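Here are my notes on the model you sent, arranged as numbered points. I begin with the overall make-up and then move to particular places.

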Amino acid sequence: MSPPPPPSQWVEELNSPPVSRSKLTIPDPPGYTAASSGNKKQIASSKTQTPARTAPTTEEMDTLKLKKAWEVALAPVKQLPMTAIMMYMSGNSLQMFSIMMVVMAFKNPLMGLMATNQAFEKFNSPGTSASLLAVKATYVAMQILALALGVWKVNGMGLLPTTQSDWLAWETARDPMEIAIPAF
Amino acid sequence: MRLPINLLFLTLSILPSTLAVFVDEAYIVDYHHELLGLSQPHTSFFHRPRKNEKASLLYTLSDLGVLGAVNPGLGKVVWRQLLAGDDAVSEPGFLRPIEGEDAVVSAIGSRVDAWDAMSGRATWGNVFEGVVKDLEVMETAAGSEGAKAVLALFDEGKPVLRKLKGGSGDVAWEYAGVSGDIALQVSTNVQNVFLVSTYYGSKAGFTLRVTILDPVTGKKSSEYTLSTKGEIESLEDVVFVGANSAAPIIAWADQGYKNLRVNVLGKSGAIQSLPLTESDGKLTEVTVHAPHLVQSQAHFLVHSRSALSNRADVYHVDLANGSVKKAYELPKVPGRGSISISSQDANVYFTRLSDDEVAVYSSVSHGVLGRWPLNFEAQRGSFVHSTTEVVQKGTDTYAVRSAVVTTEQDWVLIRNGAEAWARPEGLSGAVAAAFADLPESESLVKNLEVEAESNALSAYIHRVNRHVADLQYLPNYLQDLPRRFLSSILPGEIIAQKAGVLVPDSFGFNKVVIVATQRGRLYGLDAGNHGSIVWSWTAFPQENGKKWDVKGIFVESSKGLATIRAADGEYTVVKTTTGERIETMPPGSGPTIRSTAIVDSPSGKWMLTIGVNGNPEDVPSERVPKGHLVVKGDAGEVKGLKFMPRGSQSSPVITWTFTPPTDQVITNVVSRPAHDPVASIGRVLGDRTVLYKYLNPNVVLVTAISNEKSTATFYLLDTISGDILYSATHEGVDTKQPIASALTENWFSYSLWADIISTSATLPSSKGYQIIVSEMYESDVANDRGPLESTANSSSLEPSDIPNAELALPHVITASFLVPEAISHMSVSATRQGITTRQLLCTLESSGAIIGIPRTILDPRRPVGRDPTPAEQEEGIFRYHPVIEFDPKMLITHKREVIGIKDIIASPAVLESTSLIFAYGIDIFGTRVAPSAAFDILGKGFNKLSLVGTVAALWAGVVILAPMVRRKQINGRWMTS
């Protein structure tokens, strides 16, 4: 019996892999990243190594919510110039477009006003509730401003009973206390 | 699956080809009685308008001074001329044909005119002094050339006879008779002209003077007198003085109609007595008929009428010695009868109309040439007089047609005994009219009341019974259904309304118009059915020349009664729908009255009469009128009256009197109409502010003219306090021209002729007819109700709490416009609630039309000298233009010529948009106007047929398509699975 042949080189190389790169002083060539050969452990460790985004504090959250709330509150007023221009352009005559404009000009603010609390519900927290009042007030004011624009438009269309002629039908002629019958 | 293209085409083809054409309602909603007036016996004749024309026309000059030619076949007016001016003539007119020429000659008042017989155009005319008493065409000797001359006799304090040249009307010669004589008649035979005049001697009564003149030179050749021995008491007693004939005669009857005295003109002193035979009692009327042609035989007929019957004698004149001898007599027949004469060359025919036949006699012998049974409606009354044309058709056959005036004042043409046409000439010369609503059917209301009051079971039984009883109307209803359906669908009024049925309609167009005429007749016209005559009767027959002076018509719609009061105290109460007389009091049964007023009292509405001095009588306290009265006084002043209790009676007390300055005379006073509702008390301006209207119901507009200064002044008076609210004076006014005025709502208008001379301070000069419109407002500032502000009541006596405060005066805005012609009368349309704008209705006498001028044109707020601002444009006012052209589209009479319109009355319909208009005078005209367009009724342009067709086509489409679709759906489900 002859002794077993020496293991082939590939077996040796397999059993004794080359020394880890980290143990060498030779730096990696530029542009080379070790990730391709990196083991899972290394990656896992690198992940756990970056806990930079810690959960925000409640104060921070409140500030943020307030900011958002302000944005919501001021949203109606941002549309106003556009609406005003369109209303001005659509004219004061009674026609499909201007009637739709007027309906929208009344519907949106009114719906907004009715949904004031819902609009700010998500921003509500014990910390913000106090300062949210001012925001809501602003929101209401802005909606009323939008409503005023609608009223201005309706007035421009002559639909508001603001003049004496609108009340003429309710005025009556004076009752004469004496009557004279002509007999010619 | 295809669309049914055919169906689509069918639907489209139903639609009218043109939708843009405005369908006018002219001649459909309006009606016109084109009248002449009652034809007069001596001025009516048949005459050929052209010498070689076969057909003749029927000419007449009526009692109203209307000259007209009527087509005898159809009864339609060919042409008319109104000869009488404003002062309707009391003198009769004269009309003669010029035989052998294409002309007729008329004389009325002081003028003589010749007219083309065919077209009615004037060929010549001439005006003289004095009044025409007679007119004759001068027959010339055969063979002479030139147009026939005309002899006209005038009364100028003495008889003046003028010969007018034919063709020009110039005077050829003139003969003045003895001063003081009364002109009677002119006659001519070929050789001589006879002027008959009369003078009054205290002992011998009237003496007739016959002057014989030379026809060529006009020189007097001889003269003789005829003593009537007192047999003529007045000029009306001269029965007949003959016209142009071979032997003209003069005839009069003695007292009591015993004898007829006849003188053949030219035979001096030979008065022949012809005995008059009585028939069934005393004679009441004797007429003489003699031919008017020179070539006709000298025969004449004496027609004697008694109350029950009539008879006639025919006499022949012997031309040689002038003796008159009786030829034959026509036997007595019952009834009034009528005899007329017609001549054809030498032949003279007498046509006798009796109650049951028409007979034609020759003047030569008593043989009847033709006889026809008379088919004549009894409701037309008996004959008054007739005009006849006899045509010889063969040797023995004759045709005869007579135009007859009946006692019911119809003008009827009887052709060979049968009635061809009838013209309601009695309707002419209307003096008053009023609208009357048709009384609603009250039975349903009563039934419903009964059912409401009784208990449930009996009410149920009552209702079932009522419905069963209503079943009797079902066949009629079903019969009527197709007509109603068609009439609502088909365009126009193809399906005629049932005549003679007065049914109130839902639109309120069906009303009765009660018309009173100057001859004392009453008519009921159906305004909803083209003004057809529903009923008529003679209420108070008037003597010749006298006009019935109706002072007021009071309609009680709830009772369906109308009271007509006239000046002499007579009155009658009639049912508006049937004309049935309820009560009649003859003249003199009450005091003479100046005017009437409908007043409200605790015991209901009644008609108060105002005496001639301008004061009403005392009235019992339960009939005291609520409120004051405004009357015209004796001297033309305007007075305010109030009733003061005095015991059980109340007597009038004058509260104020308005007298204009001494040089001015009040000519007219107008007040706001009795029905004058105002929908809006203010006027909205462009900027939505309000000008408040001055709405005082107690105002009158007084017109006062000054002839010396040529001014017209208009005063607006408050009728409670008598204060002048506003006045305006116009200078350079022709006071002889018509001045018309109207007052309504918060505005008034008047028209006049003015010649304004320019000065530096005033307006630029203008000359012509003007219409001036003024609006009254409470304040000149918008949104201001004036000093009274918003107080609920107003009093003219105590305007405010401050003692002796002055009346709030209106702010008046005025504009004047030039109009092309004179406006003789003004009126305003009336609607139910006054929402519709009012239309000013003006009578244009010279063009024979009525114009409806819209308020927008007559707006005094129209900007002068500049274009309107956008706000003003929004208000609907446009730039002022001083001239208003009378656009023919504004004429509510369209191309119809209405003459002699005295007044226009307006009445509201149930539809707010519509006002019923009725104009009366010589003609009768009625229409409906919609001043703001007919906004509440579908117009004639609305095609109901296409609407129904479309709906039917859609329905048919659905019916056809539905099964197809269903099958397709079912098939689809089965075949895919």
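**Notes on the predicted model**

1. Chain B contains 6 helices and 64 strands, and it should be kept in mind throughout that this is a predicted model. The C-alpha trace of chain B extends over about 120 × 90 × 65 Å along its principal axes. Chain B has 977 residues, of which 40% count as buried. Among the contacts in chain B with a separation of 6 or more, 52% are made by residues 24 or more positions apart.

2. Two stretches of chain A, residues 85-106 and 127-152, carry the annotation "transmembrane region" in an unreviewed UniProt entry. In the model, residues 85-106 of chain A are 77% helix and 0% strand, with the end C-alpha atoms 16 Å apart. Residues 127-152 of chain A, by contrast, are 92% helix and 0% strand, and here the end C-alpha atoms are 39 Å apart.

3. For chain B, the "transmembrane region" annotation, again from an unreviewed UniProt entry, covers residues 945-965. That span is modelled as 100% helix and 0% strand, and its end C-alpha atoms lie 29 Å apart.

4. Where the chains meet, 17 residues of chain A are in contact with 41 residues of chain B. On the side of chain A that touches chain B, the elements giving two or more residues are strand 1 (175-176) and strand 2 (180-183) of chain A. Strand 2 of chain A gives the most to that side, with 4 residues. By residue class, the side of chain A that touches chain B divides into 10 nonpolar, 3 polar and 4 charged residues.

5. Which strands of chain B make up the open sheet of 4 strands, and in what order? The order is 2-3-4-5 (chain B), and the pairing is antiparallel. Strand 2 (39-47) and strand 5 (77-82) of chain B each have a single partner strand and stand at the edges, so one side of each is left without a neighbour in the sheet. From one strand to the next, the twist averages 15°. Strand 4 (residues 66-70) of chain B pairs with strand 5 of chain B in the antiparallel sense over 5 bridges, and in strand 5 of chain B the bridge partner of Gly68(B) is Arg80(B).

6. Strand 42 (residues 593-601) and strand 43 (residues 604-611) of chain B pair in the antiparallel sense over 8 bridges. Thr596(B) has Thr609(B) as its bridge partner in strand 43 of chain B.

7. Is Asn189(B) buried or exposed? Asn189(B) lies in the loop between strand 14 (182-188) and strand 15 (193-201) of chain B, and it counts as buried because it has 20 C-beta neighbours inside 10 Å. Not counting residues up to four places away in sequence, Asn189(B) touches Ser245(B), Ala246(B), Pro248(B) and Val294(B). Asn189(B) and Leu293(B), which are 104 residues apart in sequence, are 9.2 Å apart in space, C-alpha to C-alpha.

Note on methods:
Residues are numbered from 1 along each chain as its sequence is written. Chains are lettered from A and ligands numbered from 1 in the order in which they are written. This is a predicted model: local features need pLDDT of at least 70, side-chain atom pairs count only at pLDDT 80 or more; totals for chains, interfaces and linings use all residues. A residue is buried if 20 or more other C-beta atoms lie within 10 Å of its own, exposed if 12 or fewer, and partly exposed in between; C-beta atoms are placed from the backbone. Two residues are in contact if their C-beta atoms, placed from the backbone, lie within 7 Å. UniProt positions are given in the numbering used here, feature names are shortened, and annotations may be inferred rather than shown by experiment. Ala, Val, Leu, Ile, Met, Phe, Trp, Tyr, Cys and Pro count as nonpolar, Asp, Glu, Lys and Arg as charged, and the others, Gly among them, as polar. Two strands pair if DSSP finds at least two bridges between them. Axes are lines fitted to C-alpha atoms, for helices over the stretch in contact, and angles run from 0 to 180 degrees between N-to-C directions.
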